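Let's take a friendly walk through this structure, one topic at a time. Have the sequence and the 3D view ready as you read.

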There are 2 protein chains.
Amino acid sequence: MAARSRGPRPLVLSLLLCALNPLLSQGGKLLLVPVDGSHWLSLFGVIQRLHQQGHDIVVIASEASVYIKEGAFYTLKSYPVPFRREDVEASFTGLGLGVFEKKPFLQRVVETYKRVKKDSALLLSACSHLLYNEELMASLAESGFDAVLTDPFLPCGPIVALRLALPVVFFLHSLPCGLDFQGTRCPSPPSYVPRVLSLNSDHMTFLQRVKNMLILVSEGFLCNVVYSPYASLASEVLQKDVTVQDLMGSASVWLFKSDFVKDYSRPIMPNMVFIGGINCASKKPLSQEFEAYVNASGEHGIVVFSLGSMVSEIPKEKAMEIADALGKIPQTVLWRYTGTPPPNLAKNTILVKWLPQNDLLGHPKARAFITHSGSHGIYEGICNGVPMVMLPLFGDQMDNSKRMETRGAGLTLNVLEMTSEDLANALKAVINDKSYRKSIWFKRRFIQKKMFNSLKAHHLTWYQYHSVDVIGFLLAIVLGVVFIDKMLRRCQQALGKRI
Amino acid sequence: MAARSRGPRPLVLSLLLCALNPLLSQGGKLLLVPVDGSHWLSLFGVIQRLHQQGHDIVVIASEASVYIKEGAFYTLKSYPVPFRREDVEASFTGLGLGVFEKKPFLQRVVETYKRVKKDSALLLSACSHLLYNEELMASLAESGFDAVLTDPFLPCGPIVALRLALPVVFFLHSLPCGLDFQGTRCPSPPSYVPRVLSLNSDHMTFLQRVKNMLILVSEGFLCNVVYSPYASLASEVLQKDVTVQDLMGSASVWLFKSDFVKDYSRPIMPNMVFIGGINCASKKPLSQEFEAYVNASGEHGIVVFSLGSMVSEIPKEKAMEIADALGKIPQTVLWRYTGTPPPNLAKNTILVKWLPQNDLLGHPKARAFITHSGSHGIYEGICNGVPMVMLPLFGDQMDNSKRMETRGAGLTLNVLEMTSEDLANALKAVINDKSYRKSIWFKRRFIQKKMFNSLKAHHLTWYQYHSVDVIGFLLAIVLGVVFIDKMLRRCQQALGKRI
């Protein structure tokens, strides 16, 4: 059977080109400073498109890069760093493995903090070795680039752009700690805009709004460990005071790999361009191998399963639980998994090292999608109208799955706590209960037409909108604590005097 | 000579259709509730485009409408009102004539207030006669419309939409008193977003920010006279409490006939679509008459002059001053003017009752554009890269010309105070000083590519951004006045006691 007609998204592509082209001359030169890992993979469609438009693209990456390699549509310039590819690989693997470790909450937080600190030191060192590579920087300065395209998740690209005095375009999904709002100077009322990682929706109860405010207040401290070293490095290299705000505020245009089909309504700024779902645009026919799998699946169709590029191995016990669940449904499951195959793998489950995710989801036999709910996968699910069982692992994945679940487009499971039964039931639900497919097809229609959400105004009172009640509440707590503390001291003094 | 290639603006058009199409079924039905006057004229391109897409369009208008007439691309349904077309015409003429009356400031304010009150009562009565026209409303309810498209400048359309329980799309340039920000619940910090009619830019001095804040505070009262009667009418018709905010907040999508090539950067909301310059898209070859004028102009080329559809007559003295100025330049001037021809009209000046403004401006011989700086004309000037001499008359025209002048795309003159010499000098400047053409061609490039402005973040401190200094200053004044008042009373009392 031929795949349903699901054309590219011309408007999203033209938005992208409209945002980039003015910065490029005819047959322009673009310098790309990417972030390794899944962040790099999502740039592919953009690079291809810019290449087709006749632009020259130069990618700079450290020699220890794991994913960034030579490619057909760009020139790779790599520079030496004092660590090996294996070290970076280990940090990625650690990220994936860490997810499955059952440890007490506080221990997890401390270990995560330590890992983030260590990993980001590694990547910061790569940035430093790029900026202090006089030869490479001189050759870049002479190359006559029109602009820099970079992912500000690790803000090395902005420093390169400032050093070369070039306009810079950001390409990202979102930034932690509201750094994207800070960088664009975009208002973001905590009364109805959920902070990243808060798991809040745009309709919050009073206590959720208190949580949102507390996250906002604490974000500054949390992000310091990763981001302020880049400001120090930039100050050193540029020989003037540079803040994180300066780096984040340096972009002319922000290309967001999201939109308001996925996200909740919120204020935006005119230089934000929403190109969510751009990764769905390029669609190819299935290879013989996958075509054969799909055809053999019969009337039940297939389930596509991937936990993303960052997870290579799952602990045996968990993998067996998952394999058990997959065996309980009549669909053929195509599971992208590079680890040791679980011994109890059922007949309907096919392990593959890689799968053409978007093409498979676009096949009319796709019944469900098991995903870690990275933004990429979420959009491929929406564009192709396939309901999802979401197993979010880290970062913004919890927020993504929350957004999908609250809109009825899928079900979320906690990968650590779920049983084999939970997963099987969730799969059966999204496959057999038509409401999930209906919800996601509704979203698909929105995204295909680049539709503007019928955004209903929030119904907050003025004091709720401006968080007056939340601030009052928190202030009352602080004053209460101070008051009690003072009373206790007085009691102590009084007692002391008596004694 | 052939006109320079200045293609349509496909992205603006696709944005428009993307915003509207999702609300319309295939070959959908759209109900259009327009506002008479220049507001109606700017809808033409949109109607034509929707008609081409196979949508049915029904326009409702009172029988006393001046500009809204039968058309090729839509069905007109008109309803009776207890006043004549001449009454509406008189209110338009009064608006145009009032501009040229030299009167003391306070008298002008009072007279403007009275005229606005009278005119808006007339138009409100039309709305009331539409909503209480049971037969027409019933036939509309049965027509199976998909959506309502309306200009909320006079919010009759939103009431019709609420009455028929249809989704509504707003089509506008801007609303007075920040009602557009209120309706979309869009943040609008008065520290760097100039209020309509303030003549402020996005970089304000302390005193300009105080002025901006004072305008913000007083807007509520000023707009009440026009807008709250619509809320009362809506409450009556819908038999529930309806506020102006309810009416303004009822739109799914807001189509703004502006963009950030003309306007300053500011927060926006995801359901705002900026289709500024959509009126430049349709371009036709010149008629024989105008082609002949242009060809006869020789190397000096032409100047296009129009004060818009609302000005039909200019006081004789002023018209003679203008005619004198026009005679001082070597260009041929095509002046759209329906009043009595000034007796001193020079040979180079041709009076016409109507001119194909966009097509003339698009001709390579167009050297300058004298305009009242309505948003329409401003965009036609930008799209065609013709520098402007701006004579703003009322409404947002002062703001428009301010935006253009601060960016070097033209010169502004006060039509009441300018001398013949001033106008001639301004014309010579924009024609001969290359910097004006350069500035406007820069803007033209932006708008043709639907380019995103390289928006630099404003450089306000946190207390400036949140207007803490302005609020403190105003509070100090209020407290100062209260304090002095109290002291005076005490003195009085003390004196009273002594006596």
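In chain B, Leu30(B) has Ala147(B) of strand 4 as its bridge partner. This is a predicted model, so please read each description below as a feature of that prediction. Strand 1 of chain B pairs with strand 4 (residues 147–150) of chain B in the parallel sense, over 4 bridges.

Strand 1 of chain B also has strand 2 (residues 56–62) of chain B as a partner: 4 bridges join the two, and they run parallel. Here Leu31(B) has Val58(B) as its bridge partner in strand 2 of chain B. Is strand 1 of chain B mostly covered or mostly open? Strand 1 (residues 29–33) of chain B is mostly covered, with 4 of its 5 residues buried. As background, side chains in a regular strand alternate between the two faces of the sheet.

## The nonpolar core

Which residues touch the most other members of the largest nonpolar core? They are Leu31(A) and Leu31(B), and that core has 127 residues. In soluble globular proteins, nonpolar side chains tend to be buried together.

Setting aside its neighbours within four places in sequence, Leu31(A) is in contact with Val58(A) and Ile60(A), with Leu140(A) and Phe145(A), with Ala147(A), Val148(A) and Leu149(A), and with Val160(A) and Leu164(A).

How many disulfides does the structure hold over all chains? There are 6. For readers who like a reminder, a disulfide is a covalent bond between the sulfur atoms of two cysteines. If you number the bonded cysteines of chain A in sequence order, they pair as 1-2, 3-4, 5-6.

One disulfide in chain A joins Cys127(A) to Cys156(A), with an S to S distance of 2.1 Å. This link is right-handed, with 95° about the S-S bond. Cys127(A) sits in helix 5 (residues 105–131) of chain A and Cys156(A) in helix 7 (residues 156–164) of chain A, so the pair ties together parts that are 29 residues apart in sequence. Cys127(A) is buried, at 2% relative accessible area, and Cys156(A) is buried too, at 9%.

Another disulfide is formed by Cys280(A) and Cys383(A), whose sulfur atoms are 2.2 Å apart. With 70° about the S-S bond, the link of Cys280(A) and Cys383(A) is right-handed. Cys280(A) is in the loop between strand 7 (272–274) and helix 11 (288–296) of chain A, while Cys383(A) is in helix 14 (residues 375–384) of chain A, so this pair ties together parts that are 103 residues apart in sequence. Cys280(A) counts as buried at 6% relative accessibility, and Cys383(A) is buried with a relative accessible area of 6%.

## A disulfide in chain B

Chain B has a disulfide between Cys177(B) and Cys223(B), with the sulfur atoms 1.8 Å apart. The link of Cys177(B) and Cys223(B) is right-handed, with 80° about the S-S bond. Where do the two cysteines lie? Cys177(B) is in the loop between strand 5 and helix 8 (179–184) of chain B and Cys223(B) is in helix 9 of chain B, so the pair ties together parts that are 46 residues apart in sequence. Cys177(B) is buried at 13% relative accessible area, and Cys223(B) counts as buried at 10%.

## Two loop residues with positive phi

Most residues other than glycine have a negative phi. Ala165(B), however, has a positive phi near 55°. Ala165(B) is found in the loop between helix 7 (156–164) and strand 5 (168–172) of chain B, and Ala165(B) is exposed, with a relative accessible area of 67%.

Gln239(B) also has a positive phi, of about 55°, although it is not a glycine. Its place is the loop between helix 9 (206–238) and helix 10 (244–248) of chain B. Is Gln239(B) buried or exposed? At 71% relative accessibility, Gln239(B) counts as exposed.

## Domains and an annotated segment in chain A

The domain assignment of chain A gives domain 1 (10–81 + 120–280), domain 2 (296–448) and domain 3 (468–498). Taken over C-alpha atoms, the centres of domain 2 of chain A and domain 3 of chain A are 52 Å apart.

An unreviewed UniProt entry lists residues 462–484 of chain A as "transmembrane region". In the model, residues 462–484 of chain A are 91% helix and 0% strand, and the end C-alpha atoms are 32 Å apart.

How values were computed
Residues numbered from 1 in each chain as written. Chains lettered and ligands numbered in written order. Heavy atoms only, no water. Buried < 20%, exposed > 50% of the residue type's maximum accessible area, 1.4 Å probe, protein only. Pairing = 2+ DSSP bridges. Domains from an automatic or database assignment. UniProt positions renumbered as here; feature names shortened; annotations may be inferred. Core = buried A, V, L, I, M, F, W, Y, C linked by side-chain atoms within 4.5 Å. Contact = heavy atoms within 4.5 Å. Disulfide = S-S within 2.5 Å.
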